[in-house]
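Subject: Structure for you to look at

Hello,

Here is the structure I promised. Please open it and keep it in view while you read my notes below.

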Amino acid sequence: MKRSRQPSEQTAAVLIALAEEPGAWRYGYDLSQQTGLKAGSMYPILMRLADRGLLETTWERDVPAGRPPRHLYRLTGQGLELAAELAAPQSRAAKAKRARLRPRTEGA
Amino acid sequence: MIFLVIFVFTLLALGIWRLHNKGSRSKLDGPERLLAAASRLLPKGRRDWGVAMLAELEQLQNPFTRWQFALGCARVALFPPRRGGSIQTFRSHTMKNITDNPRAAALIGFLLPLPLTLLLSILWFEIEPFQGFLKHWFTEADGVRMNAIAHIVMIGSVLLLPVALIVNLAPIVRNVRAGNSVMTNPINLLLAVVLFAFISTIVSVFIIDQYPCWIGVPNCD
């Protein structure tokens with residue numbers, strides 16, 4: 001029996017950050033800066049999102065000589081749906097409830 | 001001893017690796033070298049992520065940021081997420097279930113070493129009616145020195161019981177911090193008390209047993 005789970009707070013943060021500019025391609029470090037997540041947390045999230053078809057990836061084109069192309073990311077339709085669902089008031093209420101149950105996260 | 005062997009082998013491997021990469025060394029700095037080496041360990045299907053992380057590292061200028069980024073990425077390269085969910089290396093399906101359900105972990109951690117720990121405790125406390133066959137199980141032919149089974153039981157108990165205690169305490173602490181009563185999880189609390197008593201007993205027995213050696217009593221074993 002497989003349980004359906006809500007994405008973690010970090011995953012939700014990445015999804016919401018990507019959904020802010022749905023059409024734009026984003027860089028990993030740029031996302032990391034925006035969400036405050038370290039690379040060690042950011043890349044596994046990006047990998048999982050890509051594995052589940054929620055994230056589209058491509059390589060940068062027109063790269064200046066001597067610099068490797070960067071990997072770019074944006075949400076797929078499915079990913080945008082999930083991001084919208086997470087940003088909905090009901091999810092925010094659920095998140096607030098979780099935060100109340102775990103006061104250690106408060107003020108962090 | 002084992003750590004010394006691992007340390008020496010690591011030094012040798014590093015030396016060989018440095019000699020092998022002598023030509024290309026000057027082109028890469030520390031973070032790049034670290035990340036490049038870690039990326040080679042990625043599974044085939046994940047290699048492009050290693051390239052992506054290296055390309056991203058290339059954009060960073062600040063040495064501290066570069067190291068921080070490279071270390072984080074190296075960790076991802078060493079423990080990449082498994083396709084379909086959990087972390088590939090140590091969070092296998094079994095581990096995932098255990099970590100998802102702390103009570104199960106606590107129970108497993110408690111029950112696995114329990115029978116043997118009980119037997120060993122009886123042996124240590126020299127409870128007479130059981131001594132005969134227990135001595136045969138847990139001691140060498142001389143009937144005094146502990147054999148391999150006894151050592152495995154002892155190490156297993158020492159390792160598993162504190163893990164079980166910590167995992168078992170997690171929901172209690174969470175509830176208390178959320179303002180609920182400590183009695184919200186009575187089963188966990190009972191288990192925690194039992195586990196704590198057990199660990200304390202084992203540690204006390206070690207200390208009592210080894211104390212003469214620490215204070216320098218001659219011919220102490």
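Arg26(A) forms a salt bridge with Glu21(A), and their closest N and O atoms are 4.0 Å apart. A salt bridge here is a side-chain nitrogen of Lys or Arg within 4 Å of a carboxyl oxygen of Asp or Glu. Arg26(A) has another such link, to Asp30(A), at 2.9 Å from N to O.

Before we go on, two notes on the model. It is predicted, so local features need pLDDT of at least 70 and side-chain atom pairs count only at pLDDT 80 or more, while totals for chains, interfaces and linings use all residues. Residues are numbered from 1 along each chain as its sequence is written, chains are lettered from A and ligands numbered from 1 in the order in which they are written, and side-chain values use heavy atoms, with hydrogens and water left out.

Which of its residues are buried, and which are partly exposed? Arg26(A) is buried, at 5% relative accessible area. Glu21(A) is partly exposed, at 44%. Asp30(A) is partly exposed too, at 29%. The cut-offs are simple: buried is under 20% relative accessible area, exposed is over 50%, and partly exposed is in between (1.4 Å probe, protein chains only).

Chain A holds a further salt bridge, between Glu60(A) and Arg67(A), at 3.1 Å from N to O. Glu60(A) is buried, with a relative accessible area of 14%. Arg67(A) is partly exposed, at 23%. Over all chains, the whole structure has eight salt bridges.

Now look at Asp62(A). Where is it found? Asp62(A) is in the loop between strand E2 (55-59) and strand E3 (71-75) of chain A. Its phi is near 50 degrees, a positive value in a residue other than glycine. Asp62(A) counts as exposed, at 78% relative accessibility.

Next, the fold of chain A. It has five helices and three strands. Along the sequence, the pattern is α-β-α-α-β-β-α-α. Helices (H or I, at least four residues) and strands (E, at least two) are DSSP runs, numbered from the N terminus.

The three strands make an open sheet in the order E1-E3-E2 (chain A), with antiparallel pairing. Strand E1 (26-27) and E2 of chain A stand at the edges with a single partner strand each, so one side of each has no neighbour in the sheet. Two strands pair if DSSP finds at least two bridges between them. Strands of a sheet pair through backbone hydrogen bonds, either parallel or antiparallel. E2(A) and E3(A) run antiparallel and are joined by five bridges. Leu55(A) has Leu75(A) in E3(A) as its bridge partner.

Helix H1 (residues 9-20) of chain A packs on this sheet and touches E1, E2 and E3 of chain A. Its direction makes about 90 degrees with that of E3(A). Helix H3 (residues 39-51) of chain A lies across E2 and E3 of chain A, at about 105 degrees to E2(A). Axes are lines fitted to C-alpha atoms, for helices over the stretch in contact, and angles run from 0 to 180 degrees between N-to-C directions.

Some totals for chain A. Buried residues make up 31% of its 108 residues. Its accessible surface comes to about 6600 Å², and 50% of that belongs to carbon and sulfur atoms. Such areas come from the Shrake-Rupley method with a 1.4 Å probe; for residues, only the protein chains shown count as cover.

Now turn to chain B. How many helices and strands does it have? Chain B has ten helices and zero strands. Of its 221 residues, 30% count as buried. Chain B exposes about 14100 Å², with 70% supplied by carbon and sulfur atoms.

The axes of helix H2 (residues 30-39) of chain B and H4(B) come within 9 Å and cross at roughly 10 degrees. That makes H2(B) roughly parallel to H4(B) (angles under 35 degrees count as roughly parallel). Among the residues that meet are Leu34(B) and Leu35(B) in H2(B), and Trp67(B) and Leu71(B) in H4(B).

Last, find Thr65(B) in helix H4 (residues 63-78) of chain B. Thr65(B) is buried, at 18% relative accessible area. Leaving aside neighbours within four places in sequence, Thr65(B) is in contact (heavy atoms within 4.5 Å) with Tyr29(A) and Leu60(B).

Best wishes

Conventions: Angles under 35 degrees count as roughly parallel, over 145 as roughly antiparallel, 65 to 115 as roughly perpendicular and the rest as oblique.
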